[in-house]
Amino acid sequence: MAGFGQRVPAPVDIAMVAHPSVTLFVDLSEGDGLVYDAHDRRERGSVVVGLIPGDLRISGRTAGAGQCLQIRLSPVVAAAVLGASTELVGTVVSLEDVWGRDTGRTEDRLRAATSWDERFTIAADVLGRRLDARPPLDPEIAAAWRRMLTSRGRVRVDSLANEVGWSRKRLWSRFRSQIGLTPKRAAQLVRFDHAAHLLAAGDATARVAAASGYVDQSHLHREVKAFTGVTPTAVAAAPWLAIDDVAWPTSFAGPPGKRSASRTALRVLQLAG
């Protein structure tokens, strides 16, 4: 989880970059709230962003001090917490459409909190209760997802199937039905995320392509365009990625041994003075 805030009224216009997680934005701002545009769909306020949302922008203007709680859920956890994560792939929907009346109650509790630490505690409690109320995914699916993360998407579906003790066909079918993507597409998303962070760190495109397992720069270019609709150069300059490593210091995008995907990031960022 990470908390984002603006101390004064200010316009917001941010292009998001695809990430291997289902993301909740709980809008605690004053006024009409932020607007989320993905493809031809527009949502306002608190939303859920599914895997691979495409060209997604967050815009609007806060009437007063703006605050937003962002929660990243692995697809394995999201399937249990949201109960409809496979239906969210490729789109953005209102959080109320997913959680119903619990959304308003949760927002009220978060707004009434006197600190970000209290908000993190409230959010963790809400998520924990929803997680406990639903059956987990197949352990083989969870293991396959973890393997994708540790390999940074550079693992073959046949190898995954062998590791979890399933046939390739069974893994393909069960993974898609429970995560919403095929194993191959999920691995491509994880690989793209690693490459995007290397681009944001200033690495040359050719070096990023080689380090991330792409055949060449053209292959990387096609993949970036497919996930974001923009070029690698535009992704490298994306403001969202520029703060990503600060807001989420436990992301698996960093060097092996220095990051842990299992830890929870709790950070507060003031985006405007």
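**Helix packing and a hairpin in a predicted model**

Trainee: At what angle do helix α6 and helix α7 pack, and how are they oriented to each other?
Mentor: In this predicted model, helix α6 covers residues 157–164 and helix α7 covers residues 168–179, and their axes lie 9 Å apart. The two helices pack at an angle of about 95 degrees. Since angles of 65 to 115 degrees are counted in one class, α6 and α7 are therefore roughly perpendicular to each other.

Trainee: Which residues of α7 meet α6, and how many residues in the contact are charged?
Mentor: From α6, the residues Val157, Asp158, Leu160 and Ala161 take part, and in α7 they meet Arg168, Leu171 and Trp172. By class, the contact of α6 with α7 holds 5 nonpolar residues and no polar ones, and the number of charged residues is 2.

Trainee: Which residue in the hairpin of β4 and β5 takes a positive phi?
Mentor: Strand β4, residues 35–38, pairs with strand β5, residues 41–44, in the antiparallel sense over 4 bridges, and Ala38 stands opposite Arg41 in β5. The hairpin has 2 residues between the strands, and the one with a positive phi, near 60 degrees, is His39.

Trainee: What share of the contacts with a separation of 6 or more joins residues 24 or more positions apart?
Mentor: The protein chain comes to 12 helices and 10 strands, and buried residues make up 52% of its 273 residues. Among contacts in the protein chain with a separation of 6 or more, the share from residues 24 or more positions apart is 70%.

Note on methods: Residues are numbered from 1 along each chain as its sequence is written. This is a predicted model: local features need pLDDT of at least 70, side-chain atom pairs count only at pLDDT 80 or more; totals for chains, interfaces and linings use all residues. Side-chain values use heavy atoms; hydrogens and water are left out. Buried means under 20% relative accessible area, exposed over 50%, partly exposed in between (1.4 Å probe, protein chains only). Contact means heavy atoms within 4.5 Å. Two strands pair if DSSP finds at least two bridges between them. Axes are lines fitted to C-alpha atoms, for helices over the stretch in contact, and angles run from 0 to 180 degrees between N-to-C directions. Angles under 35 degrees count as roughly parallel, over 145 as roughly antiparallel, 65 to 115 as roughly perpendicular and the rest as oblique. Ala, Val, Leu, Ile, Met, Phe, Trp, Tyr, Cys and Pro count as nonpolar, Asp, Glu, Lys and Arg as charged, and the others, Gly among them, as polar.
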